[in-house]
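Student: I have a model open and would like to learn how to read it. Where do we begin?

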Amino acid sequence: MKRAVLLTGHFPFQKRRPSMLWVSHHLRAAGWHITHVTVGYSWLSKIFGDVRLATLDGPPHHGIHHHGTNLTSIYSLPPIHPVRTKSAPINRLLEPSFGLFTNHWRPLLRAPLSCADLVICESGPPVLLGPLLAEQAPQAARIYRVSDDIRLLNAPDILLRAERDYGHFTRISTASPHIAARFANHQNVTIDPIGIPHTEIRVSIADPYPTPRPGPVAVCAGTTLLDIPALTRLAVARPQWQVHVLGRLRQTPPALPNITWHGEQDFNTTLAYIAHADIGLAPYRDEPGVEYQTTNSNRILLYRHHGLPTLGPDRLCHPSLPSVIGYSSPDALDRCETWTRAPELVPDWTELAQNLSQNGVTEPPEVTSTPPDVATKPRVKTVPEFACKA
């Protein structure tokens with residue numbers, strides 16, 4: 001059985017389904033064993049109440065756990081993880097302590113990395129472990145999967161420097177040509193588009209919106225880099241629009257009569273809100289570099305699949321994306337209201353899993369494979385150590 005180690009900031013069982021959960025799902029379906037390592041938390045997360053933990057259905061399982069025969073999860077809390085404060089002097093004082101983060105993960109990763117055929121390290125705190133991955137998994141293909149431009153996510157300087165030191169990876173993979181250009185000096189950079197779950201989307205989904213509708217329904221299916229002032233201006237400009245926002249927030253949102261803030265939702269609920277909406281909203285912060293979201297945003301791909309117009313900052317507009325409408329485009333809001341649905345063909349997540357594994361089916365596929373957010377959480381058992389098996 002082929003073995004892959006995924007290092008990501010996400011958990012194997014959570015409401016929102018980011019790309020690494022889909023990659024894990026499809027690799028397991030193709031016969032791989034996956035070790036899912038959740039990186040980017042520490043005792044600071046417990047002490048200060050990390051909002052990411054608050055969106056989980058329950059406390060995450062600490063340690064090493066085996067979920068069936070083809071999924072192992074590892075979650076552990078080092079004393080500190082890479083963080084950025086509002087004070088430059090404090091940030092400089094904190095940097096030396098981030099060595100505790102790497103040293104904490106060294107013994108935990110030694111066994112799974114020693115028998116890995118593939119290591120996928122997602123952008124964010126996991127990139128700080130690049131040298132460790134090269135040291136402990138020299139035999140494996142080591143992919144740095146750049147899902148986000150961490151320069152826009154308030155990443156600490158040590159992560160930005162670690163990302164520029166990309167020689168520890170045998171390959172750089174991203175969906176975005178904008179991001180790929182930053183790694184032009186690496187000998188192996190690939191554009192690997194993200195996807196949508198074709199099978200799940202074909203399932204009939206009930207309309208979640210109240211009826212009768214007083215006006216067009218606009219959905220914002222995610223809060224990454226959310227520009228709340230822009231969203232507020234939009235709601236004020238179109239009081240007849242009913243705006244629904246899905247995703248966790250770090251602050252109390254403004255109260256407006258035509259905006260409903262739903263908080264973090266599971267994937268099937270999110271699908272329903274998108275499938276029955278009239279307009280898709282992508283109110284990303286209007287900053288240089290946010291253009292990468294045209295290829296890396298799950299919500300935009302789902303809007304395109306359902307044929308919705310996508311309204312967002314002008315930076316997202318491109319001739320190849322006629323359904324994306326910039327705020328300052330002529331008659332932008334009127335065009336959204338009169339839009340004729342034109343569903344687009346979007347890749348399935350299977351293609352990304354195959355691209356990252358560099359080989360489609362490497363083992364006889366499992367008879368069944370359950371999507372990550374609807375999987376029954378198996379009874380788990382803490383084990384003292386990780387053991388490679390043939």
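This is a predicted model: local features need pLDDT of at least 70, side-chain atom pairs count only at pLDDT 80 or more; totals for chains, interfaces and linings use all residues.

Student: How do the strands of a sheet pair in general?

Tutor: Strands of a sheet pair through backbone hydrogen bonds, and the pairing is either parallel or antiparallel. Here, eight strands make an open sheet with mixed pairing, in the order S3-S4-S2-S1-S5-S6-S7-S8. At the edges are strand S3 (63-66) and strand S8 (189-191), each with pairing on one side only. On average, neighbouring strands of this sheet are turned by 20 degrees against each other, direction ignored.

Student: How many bridges join strand S2 to strand S4, and how do the two strands run?

Tutor: S2 (residues 33-38) and S4 (residues 71-75) run parallel and are joined by five bridges. Within this pair, His36 stands opposite Ser73 in S4.

Student: Which residues of helix H7 are buried?

Tutor: For burial, look at the relative accessible area: a residue under 20% counts as buried. In H7, which spans residues 157-164, the buried residues are Ile158, Leu159, Leu160, Ala162 and Glu163. They pack against strand S6 (141-145).

Student: Next, Ser173. Where does it lie, and is it buried or exposed?

Tutor: Ser173 is in strand S7 (residues 171-174). Ser173 counts as buried because its relative accessible area is 0%.

Student: What does Ser173 touch?

Tutor: Leaving out residues up to four places away in sequence, Ser173 touches Ile143, Tyr144, Arg145, Val146, Thr190, Asp192 and Leu356. With Asp192 there is also a polar contact between the side chains, at 2.6 Å.

Student: And Gln240: where is it found?

Tutor: Gln240 sits in the loop between helix H10 (228-237) and strand S10 (242-246). Its relative accessibility is 34%, so Gln240 counts as partly exposed.

Student: Which residues does Gln240 touch?

Tutor: With residues up to four places away in sequence not counted, Gln240 touches Pro214, Gly215, Pro216 and Glu337. The side chains of Gln240 and Glu337 are joined by a polar contact of 3.2 Å.

Student: How should I read separation in sequence against separation in space?

Tutor: Treat them as two separate values. For Gln240 and Tyr166, the separation is 74 residues in sequence, and in space 49 Å from C-alpha to C-alpha.

Definitions and conventions. Residues are numbered from 1 along each chain as its sequence is written. Side-chain values use heavy atoms; hydrogens and water are left out. Two strands pair if DSSP finds at least two bridges between them. Helices (H or I, at least four residues) and strands (E, at least two) are DSSP runs, numbered from the N terminus. Axes are lines fitted to C-alpha atoms, for helices over the stretch in contact, and angles run from 0 to 180 degrees between N-to-C directions. Buried means under 20% relative accessible area, exposed over 50%, partly exposed in between (1.4 Å probe, protein chains only). Contact means heavy atoms within 4.5 Å. A polar contact is a pair of N or O atoms within 3.5 Å; within protein, one must be able to donate a hydrogen and the other to accept it, and residues adjacent in sequence count only if both atoms are side-chain atoms.
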